[in-house]
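This note sets out points for a colleague to check against the coordinates. Please read each point with the structure open.

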Amino acid sequence: MTSSTDLASAPLGTSLTLVGIDDAANRRRLATLGLREGATFRLLTRTIGGGRIVLVGGSRIALSRDLVHRLRTRVA
Amino acid sequence: MSDSTRVRLPLTPAKTPLPSAKACCHEIPQHTAGVDAAVVALVGAPNTGKSTLFNGLTGSRVTMGNWPGTTVEVSKGVWRTTLQSPSCNCETCTCANDESPLAITLLDLPGAYSLDAHSPDEQLTRGLLQDGPVSERPDLCIVTIDASRMAHGLYLVAQVRELAMRVVVAVTMSDIAAQREMSVDTALLSRALGCPVVETDPRRRTGLVPLAAAVRTALADPVPAPRPVPPTDDALVLDDDRFTWLSEAAERATVAPGNDRLTLSDKVDRWVTAPIAGPVIFLAVMWAVFQITTAVAAPLQNALDGFFSGPVSHAVTALLTLAHLNGTWVEGLLVNGLVAGVGMLLTFVPLMALMFLLLALLEDSGYLARAAVVTDRLMRTMGLPGRAFLPLVVGFGCNVPAISATRILPDARQRLLTVLLVPFTSCSARLTVFVMLGTVFFGTNAGTAVFAMYVASVALVVLVGLLLRRTLWRTMGAEPLIIDLPAYHLPTLRLTASVVWQRLLGSLKTASGIIVVTVCAVWLLQSVPTTGGQSFGQVPVEDSVYGVVARTIAPVFAPAGFDQWQTASALIVGFVAKEAVISSWAQTYATEQPAPGQTGLLGDHIQAAFVQSSGGHPLPAVLAFMVFLLAYTPCVATLAAQRREVGLKWTLFGVAMQLTTAWLLAVAVFQIGRLFW
């Protein structure tokens with residue numbers, strides 16, 4: 001089993017599984033957008049300021065840098 | 001027909017009463033569905049075509065956009081449809097024999113991803129659908145979901161289905177889904193969700209009839225049983241149950257082989273949100289907007305100006321001559337007051353229309369959501385989330401709706417800070433003055449001068465934001481950016497034209513009332529003499545009450561290089577509305593005799609005034625004036641909006657802060673500028 005890494009360290013273009021969210025305040029908000037533990041998504045691009053855009057369930061979600069460091073992922 | 005209105009409902013919870021969808025029916029003065037008629041609420045995540053659907057159903061016009069947070073207040077309209085009734089014997093109606101007319105009160109609630117109340121808007125939606133007494137809730141709820149992003153729209157459906165409420169799901173954006181080779185089987189989805197599901201395209205007005213039929217049928221049936229949920233209060237367990245339910249529903253009813261396929265939007269996003277290219281593209285887009293606005297609008301503005309100061313003024317004068325009123329105070333009021341003032345306002349129409357058109361195109365294309373990503377870092381240095389960029393962008397059109405748009409922010413202190421910063425965004429009314437002064441003083445470089453004002457506006461927002469963050473808002477944290485990026489698409493002509501028309505009409509309605517009152521007040525003050533031997537309406541402006549008041553205030557602006565009393569008086573009326581600044585000049589100079597050697601043209605008067613007041617440094621003085629105009633109170637309508645959102649105390653704080661900032665900056669610009677120019 002591959003060990004988890006934060007989203008900031010994950011390679012662009014890969015399909016990832018979200019294994020943990022170290023941000024209790026935003027957990028439900030992320031979940032309503034389809035980003036919940038166990039969800040599979042694709043890491044699309046790096047944005048200005050160190051954020052990322054991910055593709056989940058057909059939606060493109062932009063996440064800022066601080067949040068990217070709080071999402072633990074594993075290559076799907 | 002256009003039977004819609006906007007209402008502001010109280011926010012929960014605190015000590016305010018819970019909002020009521022039924023209670024607000026009483027506020028509709030006419031064409032109402034009546035308190036006994038059905039109330040239907042439109043809910044859905046941002047960017048799912050909810051407001052467009054509302055417009056399609058009610059025939060009204062509500063501001064729409066392709067980015068989150070467009071609906072910040074509850075819009076209410078009457079949806080006229082028909083009710084199946086074989087026994088209809090109404091004599092006057094034009095419906096088919098088996099149908100009778102039905103007027104449904106339709107509410108367009110703010111965009112919400114869930115009923116979890118992350119922001120005041122979501123709190124409002126939750127209050128209306130969930131927290132209020134059952135008897136006060138809408139009779140039916142239409143939930144819009146985007147076919148190309150089905151999974152995340154279904155979370156709200158799951159929550160609404162847990163309530164004792166009739167639900168109809170409207171699936172929108174099927175065209176975008178089709179482009180991505182995705183499709184939705186509405187019959188299967190309907191079975192999985194336990195409620196009617198209808199495919200509709202509000203942008204092209206298709207699927208509205210089947211939607212009406214589904215709503216009619218649902219209204220005739222009893223309220224269905226809520227979806228059963230596990231008997232627990234544990235939010236995580238409830239969430240797990242919802243996600244399992246919606247995943248099964250989505251899986252069963254959607255074919256989505258291209259769900260994670262890269263699209264052209266993704267390729268474009270790689271550039272427009274990139275670390276270096278993103279800000280460069282953002283600045284280029286903004287520069288192009290202002291360059292196009294000034295270059296295209298200027299000739300139209302000049303033509304309209306010539307029309308009002310020429311043929312229209314002459315016609316009114318001729319009519320007054322026929323009525324033997326020439327040379328009286330009536331001519332002064334009509335020709336120099338109303339025709340000059342209203343004419344000046346109408347010359348701004350091309351400028352405002354163009355600005356609204358370009359902003360609408362950017363919104364509808366989906367670019368503005370990307371701009372929020374680009375500016376997020378900047379926003380967060382001020383302790384504001386990326387979403388705060390959205391009201392600030394709206395502020396570049398008009399500050400008044402921008403103040404309302406701050407309600408998309410979840411934190412009360414972030415809202416307050418944004419409300420205080422919005423007036424520093426340069427609205428289209430200020431643009432009119434910048435264009436006029438730019439043309440007079442900077443000639444062919446007018447576009448660049450105007451663009452510089454917009455750069456200064458952004459700098460002011462950032463610097464004042466940083467200052468407030470380091471002083472009054474030291475403990476405020478910053479929310480991370482989580483933004484749903486809508487797919488890029490070509491703006492539709494009808495939608496864009498509708499948005500431009502609505503905004504233009506709104507601005508003109510607000511401005512015209514203020515302009516007419518201001519012009520009449522200025523004329524009255526200019527007509528009342530302060531010295532003996534002069535009669536009402538026959539007094540030189542400098543001897544009138546207006547001249548004396550302006551002369552008293554003018555020395556305050558001496559260190560900034562514009563202490564001419566005419567300039568000071570323009571700033572006084574500019575406090576009421578920036579649209580009135582030029583008309584005030586026009587009115588003041590029109591009532592004066594042209595000085596020897598002057599043509600009497602407004603631009604020449606203004607140029608001469610700045611040359612004189614600045615001691616031969618008109619360019620730094622006019623730049624200082626433009627900076628002052630940019631930074632001080634935008635208009636009384638903005639103050640009213642601020643008072644509504646943050647109360648009188650903070651509104652007054654904002655006024656004092658802006659006046660202080662404006663004066664200090666203007667003095668700095670002039671004093672430094674005169675060393676070089």
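**Notes on a predicted two-chain model**

1. A:Thr5 has A:Thr73 as its bridge partner in E6(A). This pair belongs to the antiparallel pairing of strand E1 (residues 5-6) of chain A with strand E6 (residues 71-75) of chain A, which rests on 2 bridges. The model under review is predicted, and the pairings described here should be read with that in mind.

2. Which strand does E2(A) pair with over 3 bridges? The partner is strand E3 (residues 40-46) of chain A, again in the antiparallel sense. Within E3(A), A:Phe41 stands opposite A:Leu16.

3. The sheet is continued by a strand of chain B. Strand E5 (residues 59-63) of chain A and E10(B) run antiparallel, with 4 bridges between them. For example, A:Ala62 has B:Ile483 as its bridge partner in E10(B).

4. Taken together, these pairings give an open sheet of 7 strands, in the order E1(A)-E6(A)-E2(A)-E3(A)-E4(A)-E5(A)-E10(B), with antiparallel pairing. E1 of chain A and E10 of chain B each have a single partner strand and stand at the edges, so one side of each has no neighbour in the sheet.

5. H8(B) lies across E3, strand E4 (52-56) and E5 of chain A together with E10 of chain B, and it runs at about 40 degrees to E3(A). H12(B) packs on the sheet as well, where it touches E5 of chain A together with E10 of chain B; its direction makes about 155 degrees with that of E10(B).

6. The contact between the chains involves 35 residues from chain B and 28 residues from chain A. Among the elements that give two or more residues to the chain B side are helix H3 (150-161), helix H7 (235-253), helix H9 (277-322) and strand E10 (482-485). By class, that side of chain B has 17 nonpolar, 8 polar and 10 charged residues.

7. Chain B as a whole has 25 helices and 10 strands. Of its 677 residues, 52% count as buried. Among contacts in chain B with a separation of 6 or more, 71% are between residues 24 or more positions apart.

8. H17(B) is mostly covered, with 13 of its 15 residues buried. Just after this helix, B:Gly443 takes a positive phi of about 55 degrees.

9. Chain B has a mean pLDDT of 80, and 85% of its residues reach 70 or more. Over residues 6-18 of chain B, however, the pLDDT is below 50, and this stretch has 26 contacts in the model beyond near neighbours in sequence. The pLDDT is also below 50 over residues 23-36 of chain B, a stretch with 23 contacts beyond near neighbours in sequence. For the complex, the predictor gives an ipTM of 0.94 and a pTM of 0.68.

Note on methods
Residues are numbered from 1 along each chain as its sequence is written. Chains are lettered from A and ligands numbered from 1 in the order in which they are written. This is a predicted model: local features need pLDDT of at least 70, side-chain atom pairs count only at pLDDT 80 or more; totals for chains, interfaces and linings use all residues. A residue is buried if 20 or more other C-beta atoms lie within 10 Å of its own, exposed if 12 or fewer, and partly exposed in between; C-beta atoms are placed from the backbone. Two residues are in contact if their C-beta atoms, placed from the backbone, lie within 7 Å. Ala, Val, Leu, Ile, Met, Phe, Trp, Tyr, Cys and Pro count as nonpolar, Asp, Glu, Lys and Arg as charged, and the others, Gly among them, as polar. Two strands pair if DSSP finds at least two bridges between them. pLDDT is the predictor's confidence in each residue, from 0 to 100. Axes are lines fitted to C-alpha atoms, for helices over the stretch in contact, and angles run from 0 to 180 degrees between N-to-C directions.
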